[in-house]
Amino acid sequence: VDACLLDWRDHPDRMSRTDSRFGLDRFFALKVEHVAPLLRGRGRDVAVIGGGRHGKRWVRALAERDVPVPHLLDTNPARQGRTIHGARVLPATDLDAVRGSFLLVALGRPGAREAMRATLTAAGFQEEQEFLCVQ
C-alpha cells in the first residue's frame with residue numbers, strides 16, 4: 001500500500017505521560033474500586049496468593065475497603081507463619097487451607113501468574129468463579 005494508513009503522534013509531553021491522573025497508582029486504585037465490591041458480594045473469605053509487594057498491596061487496599069483477607073499464601077519460608085496486614089501467611093502449596101475462599105493471584109515475577117493459573121486450574125479451581133489474577 002502506497003498510502004499512509006495511520007499516523008501516530010507520540011509526544012513525550014502528552015497527558016497520559018505527564019498528568020498524575022494517568023499514573024500507575026490511579027490504575028491500581030480503579031482496579032481495587034471495582035474488585036472490592038465484587039469480593040464483598042461473594043460472601044466468602046478472600047485469600048491472596050503472593051506475599052511480595054503486589055500481594056501485600058492488595059491485602060492492605062482490600063482491608064481499607066472492608067474486605068478482610070484472612071490468608072496470604074507465599075513461597076517465601078521467612079514470611080510463612082507471620083501475619084501481614086492482618087493476613088496469616090501460609091505456604092503457597094497449602095491450597096486445601098483456602099479451598100472455599102475466593103483467591104486473588106497477585107504475583108509480580110514474570111511468568112509466576114501464568115504458572116499459578118495452571119496450578120490452580122489443575123487443582124480444580126475455576127478462574128473467575130474461584131480465583132482471579134490481578135496486578
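Author: Let's start with Asp25, which counts as exposed because its relative accessibility is 57%, above the 50% cut-off. Keep in mind that this is a predicted model.

Asp25 sits in helix α2, which runs over residues 24-42.

First, who does Asp25 talk to? Its side chain makes a polar contact with the side chain of Arg57, at 2.9 Å. Arg57 then takes us to the second largest pocket, where it is among the residues closest to the centre, along with Lys31, His54, Arg113 and Gln135. That pocket has a volume of about 230 Å³ and is lined by 14 residues. Helices α2, α3 and α4 each give two or more residues to this lining, with the largest share, four residues, coming from α2. Sorted by class, the lining has five charged, five nonpolar and four polar residues.

Now back to Leu39. Together with Trp58, Leu62 and Leu104, Leu39 touches the most other members of the largest nonpolar core, a group of 21 residues. Two or more of the core's residues come from each of α2, β1 (46-49), α3, β4 (87-91) and β5 (102-105). Here α2 gives the most, with five residues.

Beyond its neighbours within four places in sequence, Leu62 is in contact with Ala36, Leu39, Val46, Val67, Val69 and Leu104. There is also a second, separate core of 15 residues, and Leu73, Val98, Ala112 and Phe131 are included in it.

One more stop, for context: the largest pocket, at about 290 Å³. Its lining counts 19 residues, with Gly50, Asp74, Thr75, Leu107 and Arg109 nearest the centre. The elements giving two or more residues there are α3 (53-64), β2 (71-74) and α4 (112-122). By class, this lining has eight nonpolar, seven polar and four charged residues.

Key:
Residues are numbered from 1 along each chain as its sequence is written. This is a predicted model: local features need pLDDT of at least 70, side-chain atom pairs count only at pLDDT 80 or more; totals for chains, interfaces and linings use all residues. Side-chain values use heavy atoms; hydrogens and water are left out. On a 1 Å grid over the protein atoms alone, a cavity is a set of points where a 1.4 Å probe fits but cannot get out, and a pocket is an open set with protein on both sides within 12 Å along at least five of seven lines; lining residues have an atom within 4 Å of a point. Grid points are joined across faces, edges and corners, and a volume is the space filled by probe spheres set on the points. Ala, Val, Leu, Ile, Met, Phe, Trp, Tyr, Cys and Pro count as nonpolar, Asp, Glu, Lys and Arg as charged, and the others, Gly among them, as polar. Buried means under 20% relative accessible area, exposed over 50%, partly exposed in between (1.4 Å probe, protein chains only). A polar contact is a pair of N or O atoms within 3.5 Å; within protein, one must be able to donate a hydrogen and the other to accept it, and residues adjacent in sequence count only if both atoms are side-chain atoms. A nonpolar core is a set of buried Ala, Val, Leu, Ile, Met, Phe, Trp, Tyr and Cys residues joined through side-chain atoms within 4.5 Å. Contact means heavy atoms within 4.5 Å.
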